[in-house]
Amino acid sequence: MNNSGTENPTPLKEFDSSAASIRLQKYWGLISNPKRTLPYLILMIFVSEVIAMLTVRFLFDLPPVPETLLDASILVVLLVLAYYFVLFIPLHSQITKQKQIELKIKQLSTAVEQSPASIVITDPSGTIEYVNPKFTEVTGYKYEEVIGQNPRVLKSGSQPVEFYSTLWKTITSGKEWRGDFCNRKKNGEVYWENASISPIKSSTGEITHFVAVKEDITERKLAEEALEAAEKRYRQLVEETSDTVFTIDLEGTFTYVNPSAETITGYEESELIGMSFTQLIRPDWLDRVQGFYREQRDKSVPETSLEFPIITKQGETRWVEQTVNAVIEEGQLASLQATVRDVTERKQAEEALRESREKYRDLSEELKKANVTKDKFFSIIAHDLRGPLGNFHALSKMFVSRFERFPPDKIKEMIEQLHTSASQSYKLLENLLDWSRLQLGRMEFKPEPLSIAELTEENVELFNSQAKEKDLSLINSTDPTNTVLSDRNMLTTVMRNLISNAIKFTPRGGEIVISSSTDETQGNIVVCVTDTGIGMSEEILESIFDVESYHTTLGTEKEKGTGLGLPLCKEFIEKNNGKIRVESELGRGSRFSFELPAVA
């Protein structure tokens, strides 16, 4: 249907609907269906046999004996089959060809009518005989408005006379013409078409029609014009920009540089053209830059950027920031276009800032550690150290002022309390001094081969009496062959703190086992202190080694801790290139383990 609502006539002649054609179609309906044909054949054979029998009986005055009837029947069947193959099969073939022609004509007609391109058919003089619906859609002209007109009705006047002369000369010579038209629609709007005009020839070679197939390319033309204008502006900007812009081929050779290139490189434009880009790169960066842009070339990455140093013609090192865009032509990488900016001053400022930040970071970390150490000292002195010393002072004062009033058993009890306060204060002070010396870097570190079994035995003997007082089993199950590389004083402090904590948090009748084993995968010795004590909650486990989360917990018999023992153990173990960890569950005990490098 065209824009006016009337159906465009088909541009092709329809199949001839003559009487002969109708009869052929009628016969075709009969013989093309075996279900229809077979009954007719059977009927014809039956009738033929009857005729044969009567003929033999009355014309030839012969008795209808089986042999005679059989010969006559065979003759009739042969005649019927001959008739079928001589008449019906050729008729079938003819009708099939006509049906195929009809189908092909219908397909071609539909393709023309529904074509997304405008199609115009003219006679040899150029008079329009047919246009398809797309033509009316694009131009705004109705079908009946252009039939009988010349295609020049679409001319916009922007193309020269010579353009149309060349077109007409080409198609009238029997050749195809291709090109772009700048035409005007019915409403006056200008549009562009890409057209292919071909002559149609008769069997004698005479041109009977011209067929034009046209595609609306207005948007593409507008885009091309915009691109051309943008390229013009871009060239102007490139020539005037302070940044260096250049193009290199796939071999890395300069094919274009703008005037600003001389400012950064020191080379004139004529010297750079034909020079390899690699000649400018500082030698220690050459492999990195080449690999970077080789990857861009091989992977066809559209845009990359990189900062690197170059050597100018005068031998000066300059830092540049380079952004490279891939130039794609016909689907393949053709060249690389780069914009280069001198960032030497920025790099120098960044380097100075980085150095300042590193110094500030180091100072900040040292200051933070110093503040933590200071706060820790004040906290311990104000709380943990003050408590036992205060008790010691009060008991000793009472002991001195009222000595004669106390019976011997009371005096013994007070002396034991004084001893307990003194022991707690001493242990706290010892840990505090060790920890502070480690923080200040004043603790001497002397790693040496140490037998885990021997060191454990020394500490077990030290704590045996304390364990017996609580009715605890203190068992040394370490492997005598396990030897570690560690500082003796630090490792002794670790063992002392872990065993002391196990005794403190294990109720009477419990068991403490110190064991060791070899971790074959890491090449380390793993030492474990396992107890059957009260265990710890998840909250405590998360911060148990953190000195900033300082806390102490009373033991099963109200024993006090220092709060520094486990953080000190962690720092000592890490100082010896080891790791420490803990596993615990409330009511089911704890398992502290640490690993240190083994001595072969």
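Guide: Leaving aside neighbours within four places in sequence, Leu498 is in contact (heavy atoms within 4.5 Å) with Val529, Leu566, Cys569, Phe592 and Phe594. This is a predicted model, in which local features need pLDDT of at least 70 and side-chain atom pairs count only at pLDDT 80 or more, while totals for chains, interfaces and linings use all residues. Residues are numbered from 1 along each chain as its sequence is written, and side-chain values use heavy atoms, with hydrogens and water left out.

Visitor: At what angle do the axes of H15 and H17 cross?

Guide: Met490, Thr493, Val494, Asn497, Leu498 and Asn501 of H15 meet residues of H17 that include Leu566, Cys569 and Phe572. Axes are lines fitted to C-alpha atoms, for helices over the stretch in contact, and angles run from 0 to 180 degrees between N-to-C directions. The axes of H15 (residues 488–504) and H17 (residues 565–575) come within 9 Å, and the crossing angle is roughly 145°.

Visitor: Is Ser335 buried or exposed?

Guide: Ser335 lies in strand S10 (residues 332–342). Leaving aside neighbours within four places in sequence, Ser335 is in contact with Thr247, Ile248, Asp249, Leu250, Asn325, Ala326 and Val327. Because its relative accessibility is 13%, Ser335 counts as buried.

Visitor: Why does Asp471 count as exposed?

Guide: Asp471 is placed in the loop between H14 and strand S12 (473–477). This residue has a positive phi of about 60° although it is not a glycine. Asp471 counts as exposed because its relative accessibility is 51%.

Visitor: What is the relative accessibility of Asn577?

Guide: Asn577 lies in the loop between H17 and S16. Its phi is near 60°, a positive value in a residue other than glycine. Asn577 counts as exposed, therefore, at a relative accessibility of 65%.

Visitor: In which element of the protein chain is confidence highest?

Guide: pLDDT is the predictor's confidence in each residue, from 0 to 100. The mean for the protein chain is 77, and 68% of its residues reach 70 or more. Helix H1 (residues 19–31) has the lowest mean, 46, whereas the highest, 94, belongs to strand S15 (residues 524–531).

Visitor: How many contacts beyond four places in sequence does the model have for residues 1–6?

Guide: Over residues 1–6, pLDDT stays under 50. For this stretch, the number of contacts beyond four places in sequence in the model is 12.

Key:
Helices (H or I, at least four residues) and strands (E, at least two) are DSSP runs, numbered from the N terminus. Buried means under 20% relative accessible area, exposed over 50%, partly exposed in between (1.4 Å probe, protein chains only).
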